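Here's a quick briefing on one helix and the pockets around it. Take a look at the model first.

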Amino acid sequence: MTARTPMIRMASVDKHFGELHVLRDINLEVAAGQVVVVLGPSGSGKSTLCRTINRLEPIDSGTIEVDGQALPAEGKALAALRADVGMVFQSFNLFAHKTILENVTLGPIKVRRIGKDDAEKSGLALLERVGIADQKDKYPAQLSGGQQQRAAIARALAMKPKVMLFDEPTSALDPEMVQEVLDVMTTLAKDGMTMLVVTHEMGFARRAANRVVFMSDGEIVEDAPPETFFSNPTSDRAKDFLGKIL
Ligand code: ADP
Ligand code: MG
């Protein structure tokens, strides 16, 4: 793909849950290396937006492309595309009966067909990068929430994704563990990863985001650089939202 092909491109995307129009004419492009923070009230469609990007949720109409490739509906092509899109959830979703290192090597071995030794070597390097290499032989329940979430980030990175989606990655953490996870995400952003991050951490949005996308009732209402969005929101809905959280 050319340098100008957006890493994520959503065009005229609509989705309903029954009567509920949860995504309304979503048009969103994220360039390679950009970090976009998605803000918005609870129920505005932020999680659904993330989930449509790797087809955890089907859409009714419109197109979604990752690195210029339309999303295949199923089969091997879908598995490959999912591998290109790493996702980190609020709940860490680690495999409880696998060690931390096994959690990180499983995907590369099964989906990317990497040999066990190579997968362990890269897995260890990733655990090193997120600061928990010393925890590699433990099981998820033996780690703190912050360590588990860092393991979940390492596991997603092990697939060598082109894009990382984060859906409220720090919302389930005790306050003292939030920063260690945000630090890992900030480093990732600086290293050039393309990221879409749903978060309520306004400090992260201000420091790490190239753009803030504000959603309300399934619509993208504002799309602006953080300094513009925070100092000069244009819509009443964004002003109201910021008034409640800041
Ligand atoms: P947010 O992440 O911004 O809080 P969500 O994307 O989770 O919002 O949800 C948007 C709306 O869609 C909410 O009203 C929610 O109740 C509804 N919703 C989410 N998932 C489903 C589902 N699987 N079935 C029906 N309604 C859903
Ligand atoms: Mg959500």
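Which residues lie nearest the centre of the second largest pocket? They are Ser122, Leu157, Ala158, Met159 and Lys160, out of 13 lining residues. Keep in mind that this is a predicted model, where local features need pLDDT of at least 70, side-chain atom pairs count only at pLDDT 80 or more, and totals for chains, interfaces and linings use all residues. Residues are numbered from 1 along each chain as its sequence is written, and side-chain values use heavy atoms, with hydrogens and water left out.

**Helix H5**
- 14 of the 14 residues in H5 are buried (under 20% relative accessible area, 1.4 Å probe, protein chains only).
- Lys160, which follows H5, has a positive phi near 50°.

**Largest pocket**
- The volume here is about 600 Å³.
- Among the 25 lining residues, Arg82, Val85, Met87, Arg155 and Met159 are the closest to the centre.
- H3 (100–110) gives the largest share of this lining, six residues.
- The lining splits into 17 nonpolar, five polar and three charged residues.

**Second largest pocket**
- About 210 Å³ of space lies in this one.
- H4 (116–129) and H5 each supply at least two lining residues, with the largest share, six, coming from H4.
- By type, the lining has eight nonpolar, two polar and three charged residues.

Terms used
Chains lettered and ligands numbered in written order. Buried < 20%, exposed > 50% of the residue type's maximum accessible area, 1.4 Å probe, protein only. Helix = DSSP H or I, 4+ residues; strand = E, 2+ residues; numbered from the N terminus. 1 Å grid on protein atoms, 1.4 Å probe; cavity = no way out; pocket = protein on both sides within 12 Å on 5 of 7 lines; lining within 4 Å. Points joined across faces, edges and corners; volume = space filled by probe spheres on them. Nonpolar A, V, L, I, M, F, W, Y, C, P; charged D, E, K, R; others polar.
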